[in-house]
Amino acid sequence: MGEKGKYLDKEYTRRQFLKLSGKSLAGLAISATMLNTLGVTAEAIAEDKVRVWAFPQGLLVVDSDRCVGCQRCEINCTLTNDGCTSSYISRVKVTRNLFSSRNGSGLYTDDPWTYFPDTCRQCEDPACGNACPMQAIYVDESGIRRVDQEKCIGCGACQAACPWHMPTVNPVTHKSSKCIMCGACVEGCPSGALSIIPWDKVASAAQAV
Amino acid sequence: MSVKNGINGWAGTILRINLTTGEITTEDTLPKFRPYVGGMGIGYKVILDEVPLTTKAFDEANKIIFSVGPLTASGAPCSGRTTITSLSSWSKGLSVVDAHMGGHFAHNFKYAGYDAMIIEGKSDKHVYIKIDDEKVTLEDASELWGKGTFEANKLMAKTCGDEFDVCSIGPAGENLVHYSTIITSRGNSGGAGMAAILGSKGVKGIAVRGTGAVKIARPQELKLLANYMIKDLVGGNNNHNVPRVPQTWAEYSATVNNRWQGAPGRKWELAPHGAVDTGEQPSGQINVAAYRCTKGVQEFGEVALKYMVKQGGCSSCPVRCYSEYEMEPLADYDLPVHASNACLPTGSGQQGFYIKGGEHKFEGFHDFKYEGDGKIIIGGAGSRAMDDYGVDTNYNNLPRDFARLYKSGILKEHMTEEEWNELPWELMEQGDPRWIVEIWKHMASNKGVWAELTQGSYFLYKSWGLDDASKNSAGLNFYDDVDSNNTNVTYNGYPKHHSAEDAWQSGLLYNLMYNRDCMDHVLTNFVRSGSPFEEVIKPVMEEYFGEGVVDPPKAYTPINDAKIRLAKWAFLEKQWHDCATLCNWMYPMTLSTSPKRRYRGDLELDSKYMTAVLGEEYTYEDQLHDMERVSHMLRGMTAISFAINEGVKNLRDTHDAIPAWNFDKDPDIPVFTEGTDKMDREDMEKAKTMFYEAMGWSTETGIPTRETLEKFGLEDLAAKMDEYGLL
């Protein structure tokens, strides 16, 4: 089976899961009861300890208690996608939460040990795509929202429109980029603060609820 | 590609800030600095070319260089170090010294587009340096001056914005205290008196944001190498390669209390949403690496877990050696509850000021909230205060000197009645954390007796007659006496830092080479790894360096060629780490976690990283050759400084002289028999001769020969040494 076929299989289980959970594609709104069966407590979600997003490979879980601030997620993201290392253009963002973040936490605040990675929610109704004057942000066959590098004019409308400012215009290439769910950040996370629960596991958990 | 220039590895630009004129300029890193690699090498070249060694640390003509290297922020794990180079204000000879700062500063600085920043001149106003990519400005620091580092960093970060990293000096640096340090992140520091040099120039701190990137020739290859290192090579902090507590997958558990303390049931108990179990961390897995170290347990035992929120550390490092604590009991004393550090700053550096056996009755630390938590709470209060005031301890010579002076009565003789009575001694007697906070406040003042204590051991011993038993009332010799509070490894004013007690003659040799404590962990890393000696350490090390290279603990043998090869390697590797830049606590990858590899590491990993980053072959031999060059620069400049400031043309008998305690300890046990790690005078002189020969230095003076300098393209250094008749 080719890559596309595999994705479609996973898409199917993802749809099945979402149907069972009765929730939308938007990442955060996923049944707490179901996540409990996956080892993620309702309390943890309510208190924002974990953030959960649907990826083609499974559910992406971000656990802020486990994040150790090493920035390897950003390093692996840019090595994989950009052929360089950088924090600013990384599609997963931890540096902006590490120092004196807009959340009021970070090493230089009175809440010094709260920092975590953050990334694109793959919104069903994406503010970034809606704001793009060139319609450069499109959905590929796996349901991933990508920036068409040919069409992008680097205006920054996507960056400004995203409530979490996730798309980033590369200051050198003047092109925007965003998370394409490649999983490099998860693979290289030394603390498992970023992890993916595969869809087959999610589906069986969902059925057990 | 998102880099600002076409250079693989290097950012390509050196930033120059003249504080006298306010002029801010840039220059190319290459080709000029290529032979010196980066970091320390750039720092040394700048000092050699631009700062006459007759200059004193706080002169306007002195310069201070912040630098990174071609591997910094390349994706190579543990590449988050900044080297800071200038002239010493406190060690004998007043020569070139480096500080080595961790945290996240190096990555942001490199992403901003710089390999180094040369700070020169003197500002007539208090400023901080703001680097926002290519936009570099001097900002008003009048509101920050006088504040502790935590508040200063907080204010700078808030003012500049959420992607800025910062570092700052505290009151100690502002007051030109020799023992002062720059603080970044939450306790990461650059010591060696560098803060006072910034203070002398009117610089409170630096804020930096970098939106650029580091160009990597072969990014996929680099990523695979990094994954290989994290999976198969890297263990806990100091690359200790076997877990302390037995794990089901592990063949061995550590023979000593090492720096791999994570284990099932050991939890980061104050994680906000419920304790995080550190679990098993098998070799071969990336996603568990950060749980291995769980550092605080090594210092304080399992009670450390009661206050542990998580483990932090530097950019790009999977190991995490900074325990991040929340210590509720400190709130009862109106002290900050957040503390973070590795090793000594939370440990003996603080406990050492609570002294038994003096005229006040301190009988031990009491519990605060949990059984046995006395030391960790004192450590948290003290490390936080020490960092906030920005005081350095000269690798704990400050508490050691203080304790000896107090117990012998010499301290009281040198204090005024007011100074003595002003101290709340009852807080020391009670084991109260406010005692240590009070100590650091005074140490940062640069006033009265405190100024004398913090001027550095070298000048303190000289002015109080502590270097000669006939010159002080207690009949002590602070260099030579066998005393648990004496670890001075030379007569230059700094202590040993993993010396003969860890690595026989080899360890002592590299301890003699610098103008501060050597900060060289290359040998202690495998010695204290916890691996069994006969099954792992000996076969792996002999495969690298030949038979006889290692001795079992306290069962030493005379010097031999293999031990000299080891000493030279450890010396060159240290320079490499501060040039590349890579963490010297972790590299080289001498051992591994992998039973399949029979625990053999990969000494050539660093040069493989270089090849992947640069896109052209850079061999292990290239690496060691480049580091010989940098080592000769250190040595040559040290020789010039000793000629200028000490009037000598010989380092062997002065700079490299070894205090008597190294040979006279354990008087009842003969040298080279089981039970002692002491050294033998004659054997050590032979070791020096062999080491100098291996380095291409004169065996008579310990100074690089003209032939050696020319071989490494250091004719400019040779010309300067000629001016002082050193060749």
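**Chains A and B: a walk through the interface**

Let's start inside chain A. Take contacts, meaning heavy atoms within 4.5 Å, between residues at least 6 apart in sequence: in chain A, 54% of these join residues at least 24 apart. Chain A has 9 helices and 10 strands. Those are DSSP runs, numbered from the N terminus: helices are H or I with at least four residues, strands are E with at least two. Of the 209 residues in chain A, 58% are buried. Buried is under 20% relative accessible area, exposed is over 50%, and partly exposed lies in between, with a 1.4 Å probe and protein chains only.

A word on the source. This is a predicted model, where local features need pLDDT of at least 70 and side-chain atom pairs count only at pLDDT 80 or more, while totals for chains, interfaces and linings use all residues. Residues are numbered from 1 along each chain as its sequence is written, chains are lettered from A and ligands numbered from 1 in the order in which they are written, and side-chain values use heavy atoms, with hydrogens and water left out.

Now the interface. On chain A, 49 residues are in contact with 68 residues of chain B. The area buried between the two chains is about 4,500 Å², and carbon and sulfur atoms give 53% of that. Buried area here is the accessible area (1.4 Å probe) that two parts lose on being put together, summed over both.

Which residues of chain A lose the most area to chain B? They are A:Asp65, A:Tyr108 and A:Trp113, together 19% of what that side buries.

Next, the charges. There are 3 salt bridges between chain A and chain B. A salt bridge is a side-chain nitrogen of Lys or Arg within 4 Å of a carboxyl oxygen of Asp or Glu. One salt bridge links B:Lys223 with A:Glu187, where the closest N and O atoms are 3.8 Å apart.

Which elements of chain A supply at least two residues each to the side that touches chain B? Helix 4 (72-81), strand 3 (84-85), helix 5 (95-98) and helix 8 (184-187) do. Helix 4 of chain A gives the largest share, 5 residues.

Strand 3 of chain A and strand 13 (residues 214-215) of chain B run antiparallel, joined by 2 bridges. Two strands pair if DSSP finds at least two bridges between them. A:Thr85 has B:Val214 as its bridge partner.

Last stop, chain B. Strand 7 (residues 127-132) and strand 8 (residues 135-140) of chain B pair antiparallel over 6 bridges. B:Ile129 is partnered with B:Leu138. This hairpin has 2 residues between the strands, and B:Asp133 takes a positive phi near 55 degrees.
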